[in-house]
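This briefing is for a reader meeting the structure for the first time. Please look over the sequence and the model before reading on.

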Amino acid sequence: MVRSITLALVVLGSAAFAFAGNISSPEIDATSATGAVALLSGAVLVLRARRRTR
Amino acid sequence: MPRLLILFLVFAAELVAISLSVDGQNLVSSPLLTAQVLGVWGMPAIRFLVSFAVMGCALMYLMRREALNTFRRDASQSPTQPRRVLLHLTLFGALMLLGPRLYAVNGAKSAALPVAFVLLGIGVLFTGLAALAPVRIWLRLAKSAGATWLYAAIPALATVLLSAAWRSLWKPASLATFTLVQWMLRPFLGHLIIQPDRMRIATARFGVIISPQCSGLEGMGLLILFGSLWLWLNRKEFRFPHALLFIPVGLVTLFVLNSVRIAALMLIGNAGARDIAANGFHSQAGWIAFNGVAFGLCLVSGRVSWMVRTAQQPDQAIAGTQVPELVNNVAVYLGPFLAILAAGMLARSLTGGFEWLYPLRIAAAAAVLFSYLPEYRAMNWTWTWRGPAGGLVVFAAWIAMEFALSGQPAGAAPSALQFAAPTARWTWIAARAFTAILAVPLAEELAFRGYLLRRLTTSDFGHLNPARSTVLALAGSSVLFGVMHGERWLAGTLAGILYSLLYRRKGQLGDAILAHATTNAAIAAAVLLFGWWKLW
């Protein structure tokens with residue numbers, strides 16, 4: 001059940017993201033996207049590592 | 001040199017060659033290709049294939065790591081098949097010759113051309129895979145993947161089908177945003193001009209139109225994707241279905257923050273800073289809000305006891321004993337780079353057309369470097385002459401690609417800089433050069449070579465000799481490094497490969513840092529001496 005819900009959420013999120021790829025939206029500005037995604041991914045990696053070191 | 005590395009370099013060279021000879025933008029919009037091959041279903045099919053490939057690779061990495069390791073071992077031990085490589089290169093040559101003819105004004109208009117182009121592309125892909133590893137090894141990998149392909153195909157298909165459904169949510173979401181922004185602004189701005197027919201909110205000095213794209217649905221979609229992946233990756237820690245609350249809480253917060261963003265935009269513009277409101281804050285605030293909500297939820301979710309299986313212990317003093325805190329090795333390697341990224345976002349959001357606050361990056365990187373000073377002191381910073389020499393090679397390649405892909409890099413300095421007072425101008429230039437030559441090489445080499453190259457090889461990256469990092473890790477970390485360089489992704493990827501090879505050679509990060517610093521110093525010199533401002 002939980003697995004299905006999670007899968008459905010991944011699909012829904014991917015759908016919105018794929019749709020966002022077709023439009024020009026300033027607040028989802030593609031030129032800033034790489035830096036923003038890298039920042040979030042890095043911050044999450046640091047957070048996960050922080051939990052393990054405690 | 002390992003066989004896989006040689007093949008990877010061949011593929012990288014092909015990428016360079018095709019980027020130089022085929023204009024991707026013109027190719028995709030070529031009427032001939034659209035009419036004969038893409039048609040109505042062409043683009044959705046491409047979107048499906050891309051989603052399928054990305055999800056398939058991610059799931060294989062997450063769920064079938066052992067199968068991937070076996071594949072890598074078998075592939076590196078199998079002998080090279082020169083005939084396959086030759087066939088691959090022949091088909092690739094034909095693809096390069098055919099590509100420009102599809103969009104050339106005076107090119108041939110035969111209907112067979114686009115079909116031949118697509119078939120050649122498929123041929124290039126399959127012969128490339130066959131050159132990488134024999135068919136039987138690929139089949140073994142496919143067999144060991146089990147149902148992973150199905151797990152990737154179903155969401156990829158659903159992604160394509162559902163993407164259009166989001167459009168129906170645009171109108172109600174933008175209406176709700178329009179109302180919410182009015183409520184937020186009324187206490188601050190007495191004389192609001194409201195035009196519901198145009199979805200416009202204005203004062204006598206500044207106004208905004210809330211278009212459907214401004215409703216924040218795309219950010220919400222990203223948050224659903226991010227949140228569900230976070231829950232999935234940490235599923236052993238969370239209690240379900242309680243933890244699913246993570247998603248709606250995040251969505252509501254982000255939706256409200258999007259309205260706060262538009263209200264703040266109005267206030268900034270109304271206060272007279274129209275340039276900052278329209279050019280800086282407008283786009284950056286969306287990403288800052290998204291990152292803030294996503295990271296905030298990750299941080300908070302682990303501390304809410306009814307959401308997690310085992311509540312986290314406080315920092316110290318468990319059962320009356322002092323527990324020494326271990327150093328977060330990931331933070332040591334990624335910290336300076338993340339600080340530079342965060343400072344960059346903040347600087348761009350607070351400035352308009354020209355980024356006067358660029359030096360914020362130095363302060364941010366210095367703060368992190370200072371906080372982990374003992375760890376950095378303990379690292380090996382030795383270097384050899386190969387560092388600066390490699391840096392000059394990268395510089396030469398960078399400039400050659402700039403001329404080949406974008407033409408002459410000469411250009412006028414930004415007008416804000418030209419008309420600034422000399423002190424302000426030279427302070428900014430000094431800070432820009434200092435960041436490029438010292439802060440960025442240090443931060444990026446720690447992140448991409450010190451961490452990513454080794455982390456993609458093994459989870460215990462701190463104890464890995466860089467010389468033992470895999471070719472796949474070298475390729476992956478270099479491509480990600482290239483992606484961080486935007487339009488110059490190809491030059492960035494090649495630079496990443498060379499810096500990685502320098503690091504792998506003797507395991508000295510100093511060589512990679514010095515190479516990177518030399519490249520950036522040479523670029524800074526070219527900007528200042530020859531006026532090649534497009535390089536900055």
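In which sense do strand 2 and strand 3 of chain B pair, and over how many bridges? Strand 2 of chain B, residues 200-202, pairs with strand 3 of chain B in the antiparallel sense, over three bridges. The model is a predicted one. The points below start with chain B as a whole and then return to the sheet.

**Chain B overall**
- Chain B contains 22 helices and three strands.
- Its radius of gyration is 26 Å, close to the 24 Å that the globule rule gives for 536 residues, so chain B is as compact as a globular protein of that length.
- Along the principal axes, the C-alpha atoms of chain B fill a box of roughly 75 × 65 × 60 Å.
- Of the 536 residues in chain B, 34% count as buried.
- Taking contacts in chain B between residues at least 6 apart in sequence, 74% join residues at least 24 apart.

**Domains**
- The domain assignment divides chain B into domain 1 (3-146), domain 2 (168-301) and domain 3 (351-535).
- Between domain 2 and domain 3 of chain B, the C-alpha centres are 34 Å apart.

**The sheet**
- Three strands of chain B form an open sheet in the order 1-2-3, with antiparallel pairing.
- Strand 1 (193-195) and strand 3 (207-209) of chain B are at the edges with a single partner strand each, so one side of each has no neighbour in the sheet.
- On average, neighbouring strands of this sheet are turned by 10° against each other, direction ignored.
- B:Ile201 has B:Val208, in strand 3 of chain B, as its bridge partner.
- In general, strands of a sheet pair through backbone hydrogen bonds.

How values were computed. Residues are numbered from 1 along each chain as its sequence is written. Chains are lettered from A and ligands numbered from 1 in the order in which they are written. This is a predicted model: local features need pLDDT of at least 70, side-chain atom pairs count only at pLDDT 80 or more; totals for chains, interfaces and linings use all residues. Two strands pair if DSSP finds at least two bridges between them. Helices (H or I, at least four residues) and strands (E, at least two) are DSSP runs, numbered from the N terminus. Axes are lines fitted to C-alpha atoms, for helices over the stretch in contact, and angles run from 0 to 180 degrees between N-to-C directions. Domain bounds come from an automatic or database domain assignment. The radius of gyration is taken over C-alpha atoms; the globule rule is 2.2 Å times the number of residues to the power 0.38. A residue is buried if 20 or more other C-beta atoms lie within 10 Å of its own, exposed if 12 or fewer, and partly exposed in between; C-beta atoms are placed from the backbone. Two residues are in contact if their C-beta atoms, placed from the backbone, lie within 7 Å.
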